[in-house]
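Reader: I am new to this structure. Please pick one part and take me through it closely. Then show me what lies around it.

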Amino acid sequence: MASPHVPAVADHVVVLDQDGHPVDTRPRAGVHDAETPLHLAFSCYLLDGAGRILMTRRALGKRTWPGVWTGSFCGHPRWAEPMPAAIARHAAHELGLAAVDAAPALPDFRYRAVDASGVVENEVCPVFVARTLEPIRPNPDEVMDVAWVAPDELARAVAAAPWAFSPWLVLQVRELSALAGRGAGGLAEEIAAALVA
């Protein structure tokens, strides 16, 4: 049986200037080090039919934060690749999903973090939300474990033990929670309200 995961080929990241404009590309395999340049990424949170959020645990072979629990999936768009296409490509590669119709939740999210080995993440990383009813088929090269959790339980876990999660997840959950009652609309507002329930 063929693998459901789309292979990551010709992989690179889009390097940005400090204003967030694309200026160059770098091979993804070597871009993350102690002086990682600012580059473009995204994060996506998946909800199931019951409103639970998919959490994933990063594979031990990942360059940064191996074995750490984080959001549903994330990735790097390629040069001139539309964000919906990048999201669909990574959903297929990491989780074996055929289609993801994602909506923006935190379009201006940006962060910098350093892991225990000294490797830096430095990203403009807009956050998206989506719903799926498809079965999850994790790619073991990317994901070593999964769990579906209620948003309010995730918010409590992050507040109690932020050190147990990826730093971008911690920041994103805080910012998503702040959307509650602000008229974000759609799935973003649903997640925001559920995070503070």
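A close look at one side chain

Author: His 93 sits in helix H2. Helices here are DSSP runs of H or I with at least four residues, strands are runs of E with at least two, and both are numbered from the N terminus. The model is predicted, so local features need pLDDT of at least 70 and side-chain atom pairs need 80 or more, while totals for chains, interfaces and linings use all residues. Residues are numbered from 1 along each chain as its sequence is written, and side-chain values use heavy atoms, without hydrogens or water.

Is His 93 buried or exposed? His 93 is buried, because its relative accessible area is 12%. The cut-offs are under 20% for buried, over 50% for exposed, and partly exposed in between, with a 1.4 Å probe and protein chains only. The His 93 side chain makes a polar contact with the side chain of Glu 142, at 3.1 Å. Such a contact is a pair of N or O atoms within 3.5 Å; within protein, one must be able to donate a hydrogen and the other to accept it, and residues adjacent in sequence count only if both atoms are side-chain atoms.

Of its 35 lining residues, the closest to the centre are Arg 28, Arg 58, Lys 62, His 76 and Glu 142. Several elements give two or more residues to this lining, including helix H1 (28–31), strand E7 (73–75) and helix H2 (83–95). H2 gives the largest share, four residues. By class, the lining has twelve nonpolar, twelve polar and eleven charged residues. Nonpolar means Ala, Val, Leu, Ile, Met, Phe, Trp, Tyr, Cys and Pro; charged means Asp, Glu, Lys and Arg; the others, Gly among them, are polar.

A pocket is an open set of points on a 1 Å grid over the protein atoms alone, with protein on both sides within 12 Å along at least five of seven lines; in a cavity a 1.4 Å probe fits but cannot get out; lining residues have an atom within 4 Å of a point. Points join across faces, edges and corners, and a volume is the space filled by probe spheres set on them.

There is one cavity of 30 Å³ or more. The largest cavity has a volume of about 40 Å³. Its lining includes Ser 43, Tyr 45, Trp 168 and Gln 172. E4, E7 and H4 each give two or more residues to that lining. E4 gives the most, three.

Tyr 45 leads on to the packing. In the largest nonpolar core, of 30 residues, Tyr 45 and Leu 169 touch the most other members. Such a core is a set of buried Ala, Val, Leu, Ile, Met, Phe, Trp, Tyr and Cys residues joined through side-chain atoms within 4.5 Å. Beyond four places in sequence, Tyr 45 touches Phe 128, Leu 169 and Ile 191, among others; contact means heavy atoms within 4.5 Å. Another core lies apart, with 21 residues, among them Ala 86, Ile 87, Ala 91 and Phe 128.

Ile 191 is one of the buried residues of H5, along with others such as Leu 187 and Leu 195. The buried residues of H5 pack against E4, E5, E8, E11, H3 and H4.
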